[in-house]
Amino acid sequence: MNYFQYLKLSTSVDDLRLRLGETLDAIMSLDLNLVGRTPHLLAIERKWRGGPVSLAAAVSIEERVPVKGLAIFVTGCSVRPDIDPTIGEPDGPPGVAALARALFITKGAHSLIVVAKPLVAQVAATLKAAGATVVSEQTLRSARTSSKSLFAVSVVGLPVDENVDDAIMTLLDQTRPDVVFAVEHLGFAADGKAYFATGVPFETAVLQSNSLFVEAQRRGTLTISCIDNPNEVGTARLHSSVAKHPSMSHSSDHIVPACTVNWSAYAIAAGLGALAGTREACFTEVLDFACTDAVLRHGAIDPFSGLAEPQVGIDGMDLATHGLVTTLMARAADGYIGAMAQAAP
């Protein structure tokens with residue numbers, strides 16, 4: 001017996017979706033560093049959308065990504081580019097792993113991850129920690145047409161600090177994705193530059209991927225940006241006085257601001273699991289730890305402490321905190337699944 005049954009309650013599907021969306025938005029935006037930025041960005045996007053944003057992204061995915069569809073992700077940021085471009089961060093790749101896994105479990109979908117060449121090893125290791133088999137692009141095409149189940153992903157490394165528009169157009173033509181995600185990825189401002197969140201220009205080790213999102217939107221492909229700062233791709237409509245740099249060049253269809261980008265992705269994954277009626281699609285504390293450990297062991301660091309140590313956590317918050325947040329999201333999805341048994345059509 002669930003709590004709805006105990007209280008002999010009944011509600012509508014629309015009401016349940018609203019409650020789930022509100023809950024996931026609240027969890028992912030917990031301002032535990034007390035900087036005020038996440039609530040501000042989320043409020044702008046919620047006003048623009050007219051309600052919760054995390055579940056809205058999940059609903060769009062549910063509606064527009066077909067069974068055995070294809071997602072393209074872009075992630076990865078070199079956080080010590082002046083020292084070594086292979087030094088990335090643990091915010092982003094675990095979020096990609098969570099979403100790719102949720103898409104596979106709920107849709108049988110496959111994923112192709114685009115990343116700066118210096119960061120390929122970190123991203124591949126993170127996907128493996130979430131249960132994925134990392135394969136070549138050719139093998140990914142075979143997996144998509146096979147009747148046998150395989151959580152297959154392909155990681156494509158592109159060179160940094162050079163124009164990669166031709167490679168991007170070829171990739172879009174060959175794969176025809178159903179959705180394109182940015183998960184912790186630098187955007188380019190209207191002045192053609194990338195920036196740190198502090199407003200300092202990002203001079204080196206930049207993947208010039210802006211055209212992927214612009215062209216995907218032009219083609220009518222769903223675009224989603226998981227972000228924690230307004231210097232990331234697809235955030236133009238969130239530009240405000242909190243930004244210390246010019247506005248980014250365009251806005252994605254969905255922008256999902258969270259305290260860390262991983263939490264944004266985990267919230268969408270929980271929404272997908274809830275909508276599909278399978279909690280297995282939600283990310284877990286165990287998977288969060290495994291993915292964080294994997295990305296750190298393969299060259300990432302916490303950019304604030306400079307340590308490659310899982311217990312330090314991500315974005316100033318210890319790993320136990322991340323585990324609690326991830327667990328709460330999965331529990332909210334579980335609550336939705338249980339309550340749906342009492343919902344009126």
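Which residues form a nonpolar patch on the surface? Select Tyr3, Tyr6, Leu7 and Leu9: together they have about 460 Å² of accessible area. Areas come from the Shrake-Rupley method with a 1.4 Å probe, and for residues only the protein chains shown count as cover. Patch members have over 30% relative accessible area and no salt bridge; like charges are joined within 9 Å, nonpolar side chains (Val, Leu, Ile, Met, Phe, Trp, Tyr) within 5 Å. A salt bridge is a Lys or Arg side-chain nitrogen within 4 Å of an Asp or Glu carboxyl oxygen.

This is a predicted model: local features need pLDDT of at least 70, side-chain atom pairs count only at pLDDT 80 or more, and totals for chains, interfaces and linings use all residues. Residues are numbered from 1 along each chain as its sequence is written, and side-chain values use heavy atoms, with hydrogens and water left out.

Stay on Leu9. It sits in the loop between α1 (3-7) and β1 (11-12). Helices (H or I, at least four residues) and strands (E, at least two) are DSSP runs, numbered from the N terminus. Leu9 is partly exposed, at 40% relative accessible area. Buried means under 20%, exposed over 50%, partly exposed in between (1.4 Å probe, protein chains only).

Next, select Gln342, in the loop between α12 and β9 (343-344). Gln342 is partly exposed, at 22% relative accessibility. The C-alpha atoms of Gln342 and Phe4 are 6.9 Å apart, across 338 residues of chain.

Last stop: helix α4, residues 54-64. Eight of its eleven residues are buried, among them Ser54, Leu55, Val59 and Ile61.
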